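Grab a pencil and work through these exercises with the structure open beside you. Try each task before you read its solution.

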Amino acid sequence: MSLSACGQAAAPAAAGSDSSETAEAAEEKSSEEASAEGTATGDGIRLLNGKPEIDSQLQELAKLYNEETGYVLNVETIGGDSSAADELKKMYQADNMPDIFVIEANQADTWDGMLADLAGEEWTDKTGFELVNSSMGTIGFPYTVEATALGYNADVLNAAGIDPSTLTSPGAYADAFKTLDDKKGELGITAVLGWCAEPANLGWSSGTHVFGQYLDAGLKADDTTYIDLLNDGGKVDEARMKSFAEFIGLMNQYSDPELLVDGTYDQQVAGFKEGKYAFITQGNWCVTSPDDVSFECGFAPYAFEDGIDTIIAGPPSYWVAYSEGNVDEAKEFFNWCAGKSAQDILVNKAGLVSPFDDCEFEAVNPFYKSMKSYIDAGKYSGWHTMLKKDGLQNVTCQVFADYAQGKLDAASFASTMAQVIQSYYAN
Amino acid sequence: MGEFTAGRKAVSFGSLIIGLILMIYGLGTAIAKTGNNLRGAEILIGAVLFFAGLYLFPTLKYHRTIVNIIFLFPLLFAFAVTVIIPLVLGIGYSFTDWDGIRIKGFVGFDNYIRMFKQPGFIWSILITFLFVFFNIILVNLVAFLLALLCTSRIKGLGFFRAAYFLPNLIGGIVLGYIWQFIFSSVITKFTSAFWDMRYSMLSDTKTAFVGIVIVYIWQYAGYIMLIYITGLNTIPEDVLEASSIDGAGAAQTLFNIKIPMLAPTITICTFLTLTSAFKQFDVNLALTNGTGSVADFMGNYLTNGTEMLALNIYSTAVINNEYALGEAKAVLFFIILAIVSIVQVRISNKREVEM
């Protein structure tokens, strides 16, 4: 804050000479900001990133941004989304807020009144994935789209004579799992599924992602039936939960027993990449590079009821602009970030899937083709699981774990789930 | 006051007043966020001026007291900033609906009432007491036996002392992950081969609790052992010699001479194990993260079977985003610890005198 005077001069100077026009524009902008009571940090704007795995690519993005526009962007990375949320609170108390930071959808209310409305910005016309809040308007810039469903190894399914497009009912799954299980030796797989319900480290996977299928599978992206029911004091749809429980039971039955109760994320993903499992219960983030796998990947829906044919797809988290920060420069950055050169880095180098319609780059992610086919066909559901009450995943993941261990059966899984959720919301 | 010159009085009062004004101005602008870049310097110079004025204050009677205060100030200031102010603020936050960012209103005792309605929290208190109970006994027992071993005449004493102490130098989080691997990958190999236990002992509440106790003893016994070794070494040789001349056996020496003479050490060690076991957090977080189910506790299915108090407070605040409720739990935690510590020290002191 104290360095604002010298930093203002430095920003345009760093622009180089390749485009004097933008440098000039930047200079004008900077002097405007300087007069606006020190809201501009002289060192440019700061972005708090919650994805450590793309830190180096974002640094590269910041460099390119500076070269192309003259603005300075400083990327700070904090591991994991929940710890970014925690870090942000410390930053807020220390009066050290970044101009742009990452939030998950359910964290918007915590920041009520403090996030800039980005409505009307150029990029908002190019995507349907922005985060809209009832009181603050368009607040979230989607920087990636992620999908979760049952990831499959297309080569194995092919060899077993299973057409993944037929997997839209529990019956079809039961048959497919049985076929695969019978042909395990022939297909060279260890188990049909790589599904892990270990709660201490993988609770986010079962408690948030797999649980999210109960909330959203088969629904249109803007359908909030079951999340609304859940957030209304922790209510659960009994019939739907029962079918969900049956399906999870099927998954428990055919998952690798070595992995199911005590496994780790690394073990799970490594097993899938090595071709040991035909299915994996993760999302497109688990295999990011085509070099990781020697087979074709795809997604199949969690069809725990007849006719469910959607995968969950959308931005799991968003970038937002802090309203007391340098909003103008943040908006500038978002517009640039939705453009070609930025998308080139985000898609081709960081391996993200672009949320923008006009993005000409095909994501390198092995799951991309399958994801795109669902999105194009409108067969995708929302990430409403991110709107559940904070910390609920740590309660539900334990129920998944007990079910996997055989302490519960399908009926008691459904009733226990209903009870723990209800009691979590009540207290 | 007659022996002080007018000049000294002027300098003293002048610096006191200017110092105070500078500090108040600096603090004021910092709180009002007016972007005053010199506020740090203002506060610092103000503080120096204030203390100079205080030192030169024209009094003989209180001069010594003033000097004492000036010398104590750095310590008191640090203590206030790091302990007293956070404590007061924390207690204050527990009566609000603070979410880590803003306070929207005061809620009185709501948080305190709410936390006792959470069966999971009651469970956390219970297993924390259980954990403390097991640990005080087991850590001290194991540490004392190790200390006896390390003060005997076996070969390679240095190696044993270092080896037993080493786990204490590894951070709890790292330790937790190391043992997680041991419990879920190594031990299951044996349990599945010899008995029909396919799953890790961490996947069941009871055995996971035992797991945490084991890791904690492994980590902490070496440290307590060092204190016992020091205690054993301070027992005067002549007393031991006299007893052996009188024909005392090893067991008699141990129970009638060594242990009574170690009473102060035992006090210190039980006190250390008590408070540190109460505050158990890192191993708990890394090893089980509080997971484990309890089928029926107060009519509820619990999902935080191994979650001890400190971890429960952390999850409430940070994971569940209920900072004020977490503060209320932390205040209760503070009260429990304070009471237990005071009682324990009182009892031990009394016993020492009797022995």
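**Exercise 1. Which strands make up the open sheet of three strands in chain A, and in what order?**

Step 1. The order is E6-E11-E13 (chain A), an open sheet of three strands with mixed pairing. Helices (H or I, at least four residues) and strands (E, at least two) are DSSP runs, numbered from the N terminus. Two strands pair if DSSP finds at least two bridges between them.

Step 2. Now look at the edges. Strand E6 (146-148) and strand E13 (380-381) of chain A each have a single partner strand, so one side of each is left without a neighbour in the sheet.

Step 3. Check one pairing: E6(A) meets strand E11 (residues 311-314) of chain A in the antiparallel sense, over three bridges. Here A:Glu146 sits opposite A:Gly314 in E11(A).

Step 4. Something packs on this sheet too: helix H15 (residues 368-376) of chain A touches E6, E11 and E13 of chain A. Being in contact means that the C-beta atoms of two residues, placed from the backbone, lie within 7 Å. The direction of H15 makes about 90° with that of E11(A); axes are lines fitted to C-alpha atoms, for helices over the stretch in contact, and angles run from 0 to 180 degrees between N-to-C directions.

Before you go on, some housekeeping: this is a predicted model, where local features need pLDDT of at least 70 and side-chain atom pairs count only at pLDDT 80 or more, while totals for chains, interfaces and linings use all residues. Residues are numbered from 1 along each chain as its sequence is written, and chains are lettered from A and ligands numbered from 1 in the order in which they are written.

**Exercise 2. Do E7 and E8 of chain A pair with E9(A) in the parallel or the antiparallel sense?**

Step 1. A reminder: strands of a sheet pair through backbone hydrogen bonds, either parallel or antiparallel.

Step 2. Strand E7 (residues 150-153) of chain A joins strand E9 (residues 277-280) of chain A in the antiparallel sense over two bridges. Find A:Tyr152 and you'll see A:Phe279 of E9(A) opposite.

Step 3. Strand E8 (residues 191-194) of chain A pairs with E9(A) in the parallel sense over three bridges. In this pair, A:Gly194 stands opposite A:Ile280.

**Exercise 3. Where are the domains of chain A, and how many residues of each are in contact?**

Step 1. Domain bounds come from an automatic or database domain assignment. For chain A, that gives domain 1 (4-145 + 315-357) and domain 2 (147-314 + 370-426).

Step 2. Nine residues of domain 1 of chain A are in contact with eleven residues of domain 2 of chain A.

Step 3. Sort the domain 1 side by class: six nonpolar, two polar and one charged. Ala, Val, Leu, Ile, Met, Phe, Trp, Tyr, Cys and Pro count as nonpolar, Asp, Glu, Lys and Arg as charged, and the others, Gly among them, as polar.

**Exercise 4. Why does B:Val215 count as buried, and what does B:Val215 touch?**

Step 1. Find B:Val215 in helix H8 of chain B.

Step 2. Count neighbours: B:Val215 is buried because 23 C-beta neighbours lie inside 10 Å. The rule says buried if 20 or more other C-beta atoms lie within 10 Å of a residue's own, exposed if 12 or fewer, and partly exposed in between, with C-beta atoms placed from the backbone.

Step 3. Leaving out residues up to four places away in sequence, B:Val215 touches B:Leu175, B:Trp179, B:Val283 and B:Leu287.
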